[in-house]
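This note is for a colleague who is new to the structure.

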Amino acid sequence: MQDNRETSRHRRAYGAVLALALATAGTAPAFAASTEPVPNSMAALGDSITRGFLDCNKIADCPMESWSTGVDPAVDSQYRRILKINPAINGQRYNLAASGSKVADIQAQATAAVADGVDYLTILIGANDACAATVADMTQVSTFRAAFAQALDGISTGLPNARIFVASIPDLYRLWQLASPIPQARSVWKLASICQSMLADPLSMKPADMARRQAVLQRVIDYNTQLGAECALHAHCKFDHNTVFNHTFSLSDIGTIDYFHPSIPGQAALAKGTWRAGFGW
């Protein structure tokens with residue numbers, strides 16, 4: 001079952017600007033043979049990263065390139081890796097992520113996953129909570145934790161035997177470091193108002209701008225702490241222990257339409273890193 005819950009919200013937000021212009025493997029060691037049951041079905045919750053936004057080289061979602069449920073051999077998603085060891089999962093995947101989503105939005109996605117009765121869920125959420133117009137507009141840490149807790153509680157209640165994998169939020173500060181020297185990146189960040197809490201005035205080294213970027217970095221760290229702490233309260237939930245956040249991704253992992261979303265190599269890096277940090281199937 002394929003990705004039939006498309007969203008146009010992110011597409012509308014970027015469309016006009018990006019038309020003119022036309023986040024990751026970790027180093028965690030491999031696990032020993034797992035005693036965890038290999039899933040027969042899965043769902044992906046999250047935002048535009050999990051939707052593969054822009055990865056078909058057009059201003060649209062491209063879920064076939066998703067690190068979680070995609071089918072492109074070049075990405076070798078978690079779904080494809082499971083399929084190699086359990087053919088029963090063939091076609092039983094649901095990409096419920098929605099471009100533009102914040103943590104408050106995954107409650108609805110979680111409800112849909114429960115209705116689908118899946119055995120396994122991946123969650124990558126939070127970049128949009130930090131990527132606000134200003135630092136003041138970022139989601140408060142307590143609010144973030146409460147929304148994430150509600151979603152996990154719903155999953156654990158509705159799918160008590162499902163395995164849940166929670167990925168950390170990528171390092172937005174590293175994104176700024178890598179791409180800010182590129183004129184085209186600076187231009188599209190400004191024109192499309194991409195992640196202005198981090199990416200506004202990208203060449204400025206004024207103390208206020210440096211402090212602003214550090215505040216966003218700290219907020220991402222705080223969000224990741226909450227993701228891990230809440231996941232630890234659920235018997236079948238596994239946090240990646242900051243594998244995604246700690247990955248030193250390169251420019252080739254960033255798409256060149258908006259210099260923000262993962263490229264296909266970036267999606268492949270996410271698939272590889274999260275798989276190694278996962279349940280060890």
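1. A salt bridge is a side-chain nitrogen of Lys or Arg within 4 Å of a carboxyl oxygen of Asp or Glu. Lys84 and Asp76 form such a pair, with their closest N and O atoms 3.0 Å apart. The model is a predicted one, and the distances and accessibilities in this note are computed from it.

2. How many disulfides does a search of the whole structure find? The search finds three. With bonded cysteines counted along the chain, the pattern is 1-2, 3-4, 5-6.

3. Is Cys62 buried or exposed? Cys62 has a relative accessible area of 1% and is therefore buried. Cys56, at 33% relative accessibility, counts as partly exposed.

4. Cys131 and Cys195 form another disulfide, with 2.1 Å between their sulfur atoms. The pair links distant parts of the chain, the two cysteines being 64 residues apart. Cys131 sits in the loop between helix 5 (127-130) and helix 6 (141-158), and Cys195 sits in the loop between helix 8 (183-191) and helix 9 (196-199). The torsion about the S-S bond is about -75 degrees, so this link is left-handed. Both Cys131 and Cys195 are buried.

5. A disulfide also joins Cys231 to Cys237, with an S to S distance of 2.0 Å. This link is left-handed, with -115 degrees about the S-S bond. Cys231 counts as buried because its relative accessibility is 1%. Cys237 has a relative accessible area of 13% and is buried too.

6. Salt bridges come next. Side chains of opposite charge can pair when their charged atoms come close. The structure holds seven salt bridges, and those treated here include the pairs Arg51 with Asp61, Lys84 with Asp76 and Asp209 with Arg212.

7. The closest N and O atoms of Arg51 and Asp61 are 3.3 Å apart. Which parts of the chain does this pair link? Arg51 belongs to helix 2 (residues 48-51), and Asp61 to the loop between helix 2 and helix 3 (78-85), ten residues apart. Arg51 has 0% relative accessibility, so this residue counts as buried. Asp61 is buried as well, with a relative accessible area of 7%.

8. In the pair of Lys84 and Asp76, the partners are placed as follows. Lys84 is exposed, with a relative accessible area of 55%. The cut-off for buried is under 20% relative accessible area, and Asp76, at 17%, therefore counts as buried. Both residues belong to a network of salt bridges that links Asp76, Arg80, Arg81 and Lys84.

9. Asp209 and Arg212 form a salt bridge in which the closest N and O atoms are 2.9 Å apart.

Terms used:
Residues numbered from 1 in each chain as written. Predicted model: local features only at pLDDT ≥ 70, side-chain atom pairs only at ≥ 80, totals over all residues. Heavy atoms only, no water. Disulfide = S-S within 2.5 Å. Buried < 20%, exposed > 50% of the residue type's maximum accessible area, 1.4 Å probe, protein only. Helix = DSSP H or I, 4+ residues; strand = E, 2+ residues; numbered from the N terminus.
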